[in-house]
Every structure is written in C-alpha cells, then in structure tokens.
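Opening the notebook on a new model today. I want to look up its cores and its cavities.

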Amino acid sequence: MHELGVVIEVVKTVSEFAKTHQLQKVDTIVLQIGQLSSMIPKYIEDCYPAAVDGTPLEHTKLAIEVIPAEAICKQCHQIFNILQHQSKCPDCQCEDWGMLSGKEFLIKEVIAY
Amino acid sequence: MEKFKVLEIKESIFDNNDKRAELLRAELKQDKLFLLNLMSSPGSGKTTTLVSTINHLKDDLNIGIMEADIDSDVDAHTIANTGTKVIQLHTGGMCHLDAEMTKQGLNGLDAKSLDLVVLENVGNLVCPAEFDTGAVKNAMILSVPEGDDKPLKYPLMFSIVDVLLINKIDTIGVFDFDIAAVEARAKKLNPNIQVIPISARTGEGIEQWADWLHTQVHAWQNH
Ligand SMILES: Nc1nc2c(ncn2[C@@H]2O[C@H](COP(=O)(O)OP(=O)(O)OP(=O)(O)O)[C@@H](O)[C@H]2O)c(=O)[nH]1
Ligand SMILES: [Mg+2]
Ligand SMILES: [Zn+2]
C-alpha cells in the first residue's frame, strides 16, 4: 500500500526522536496532512497498527490534523479553498492561482512523558 | 501520573527523503556512477527494454541493474541471462523505492566500479513519482496499449521525468494511439522532456535511446 512506506518512515523518525530526547513513553504522534497530499488519512490510520507492531511505539496513539488546500488568485488576490471551488477563483473565475497549502505531510509534534 | 509534554518535530517525511537523495547524488558524482531511475506501469516493457539497452551499451559501459519487485525475482533472472550484474530488491509490499532503499541496493550491487546502474522501479505511475531515489536522471516508459491519455491522468509522473520512451510502437496499427498527442500533452507538463518512440521487440528507436543514455553517462562522468 502507498501509505505504508511513509508510515514506517514516520515511526522510524519518531523512534529516533524519542531516543535522542530521552522520552520514556510517546503517548501520541500528531501528523499534519494536506487535503491535496497523496496520503489519505483513513489509509494512514489503517496501516499504522502494522507499522508500530513490535516497536517501542506499539501503544502510541496517532492523531491527524488535516490542512486545507488553499490558493491565492493571481488576478484578484482572493484566497480560496481549491477543493470547494473546483480549482477556480470564486470571485473572478480565473484558473491562474498559486497554491498556499494543502500538499503537506508533516510530523507536527509528539505528546510524551 | 507523570505530566505530559508536547515536543514539536515539524519534519516533513518527503523533505527527509529529498535530503537523503541529494546526498546520494553527491556520492554518485564522486564515484562517477550514473544512476537511472526507470518507471512505468506494470508490463509496459521495462525489462525487455533494459535487455536491448544492455546489448547496445555493454561493450562501452560497465552496467548494473537493480530490479525492484514486491516479491519475485523473475526479472532479475532475465537480466542475469544477459551476463549483467543484477540485484533483486524486494520492497515487501511497498509501492515505491526511496533514497535509503536505493542506496542499500547500490551497496548490495557493489556498484562503485560501474559506470551505469539502472533501477527498474516498482510498476506504478503514482507513488514512485513522489519519491526522489537519488537518481541522476529519471525515465518512464508508456506503452502503446496503455493509451495516449496517460499524461492527463498521471501528470506528476510526466512532469518529473527527463525522458519518455513510448514503447511497443510495433503495435500501433492495432491500437488507437496518437504519438503526437502524447508528446504535446507531455511537453505541456514538462517542456524539457525528451520523447523517444521505441519498440523493444523490433529494436526500432533503441539506438536513439541508447545514444541519449550514453551521452548522459559521459556528461555525468566528465563534467
Ligand atoms: N509487441 C511488443 N511487446 C513488447 C514490447 N516490449 C515488451 N513487450 C512485451 O510486453 C510484456 C511485458 O514486458 P516486460 O519487459 O516484462 O515489462 P515490465 O515493464 O518489465 O513488466 P513488470 O516488471 O512486470 O512491470 C512481455 O510479454 C514483452 O514481451 C514491444 O516493444 N512490443
Ligand atoms: Mg520487469
Ligand atoms: Zn480571482
């Protein structure tokens, strides 16, 4: 599955982070995923248990924040949601815009003790 | 109960892979080793094209092949029959290779003394396009039976490759496939893309493709 490799990479990165910061237990991993990222939150959640199985993060929870896909219109500078407005500026209908956010795939933070 | 703390990480998994890929490219430059990442849908003719490419270039270049497959070694056997150094990388269910896996593959192949290594990536037009393997150049194969609308459906792949091989042109009479339309669609996404029509079966176009590759290897080794 497309998402599995990326989730394994997340688990690796967080495990290393936990080691260098001497965290006893990581309670939650918080990911930020853009609406237009090729990673689908539901699939990320589905393969997460397999990725942490047998690792020190086995009991760590996963939280996902979705980042909206926003763009700025190059003609009238309106900021709009790309998905809601079918890739067209809702003000001037122009299709020439720059993406501001929506492609992210980030490990935002961990909650740990 | 101990108290919790929130530790910010703010790391992008794609950025991490991009950094590793850049490091790998720098190593390849030092070793004068050219790595080509070859991508396509399953069955478009990657292995067949590799065999004819090897036959064209093996007298001039030391070549190695890395076959990435989810779980088989059929292609590695085919390549081994040409007498070329080959390693099979099992991706274990993963749909793409990243820079780390590519680097491990190169180590396993003991590639330092080679001129050219081709990575036959997992057959898939989506995921491999998102992960920089560290290759010097990226190539893709689109075969005639797949249809000429593929640049419209998989724009990312067409926009990141340096060269597009249109394979199985010996079958063009049977399929409704417009080479000029594919070329125009691909160039709209990627103005610098090289488009080379080939038939790995009849050998048509293979010389032009092998020449392109040979020139790239020389440029990488000597500049
Ligand atoms: N007619 C015709 N058939 C071809 C050509 N190139 C490859 N084939 C056939 O297409 C089929 C698939 O070719 P492969 O080289 O195995 O394709 P591949 O992309 O390596 O396939 P996977 O590794 O499974 O993704 C084989 O039956 C080949 O004989 C060509 O130029 N013309
Ligand atoms: Mg193959
Ligand atoms: Zn506008």
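My entries on the cores, one glutamine and the cavity search follow.

**Cores.** This is a predicted model, so I am reading computed values here. I started with the largest nonpolar core, which has 45 residues. Which residues touch the most other members? I got Met66(B), Leu106(B), Leu116(B), Val117(B) and Trp209(B). Helix H8 of chain B, residues 206-222, gives the most to this core, with seven residues. Apart from this core lies another one, of 28 residues, and I noted Val6(A), Val26(A), Val110(A) and Ile13(B) among them.

**Met66(B).** I listed its contacts, leaving out residues up to four places away in sequence. Among them are Leu35(B), Ile87(B), Leu89(B), Thr102(B), Gly105(B) and Glu120(B). Met66(B) also touches Leu106(B) and Val117(B).

**Gln216(B).** I found this glutamine in helix H8 of chain B. Is Gln216(B) buried or exposed? Its relative accessible area is 18%, under the 20% cut-off, so I put it down as buried. Setting aside neighbours within four places in sequence, I see Gln216(B) in contact with Phe34(B) and Lys137(B).

**Cavity.** I searched the whole structure and got one cavity of 30 Å³ or more. The largest cavity comes out at about 60 Å³. Its lining includes Gly5(A), Val6(A) and Glu9(A) from chain A, and Ile13(B), Arg20(B), His96(B) and Phe131(B) from chain B. Helix H1 (2-20) of chain A and helix H1 (13-30) of chain B are the elements that give two or more residues to this lining. H1(B) gives the most, with four residues. I sorted the lining residues into three nonpolar, four polar and three charged.

Terms used. Residues are numbered from 1 along each chain as its sequence is written. Chains are lettered from A and ligands numbered from 1 in the order in which they are written. This is a predicted model: local features need pLDDT of at least 70, side-chain atom pairs count only at pLDDT 80 or more; totals for chains, interfaces and linings use all residues. Side-chain values use heavy atoms; hydrogens and water are left out. A nonpolar core is a set of buried Ala, Val, Leu, Ile, Met, Phe, Trp, Tyr and Cys residues joined through side-chain atoms within 4.5 Å. Buried means under 20% relative accessible area, exposed over 50%, partly exposed in between (1.4 Å probe, protein chains only). Contact means heavy atoms within 4.5 Å. On a 1 Å grid over the protein atoms alone, a cavity is a set of points where a 1.4 Å probe fits but cannot get out, and a pocket is an open set with protein on both sides within 12 Å along at least five of seven lines; lining residues have an atom within 4 Å of a point. Grid points are joined across faces, edges and corners, and a volume is the space filled by probe spheres set on the points. Ala, Val, Leu, Ile, Met, Phe, Trp, Tyr, Cys and Pro count as nonpolar, Asp, Glu, Lys and Arg as charged, and the others, Gly among them, as polar.
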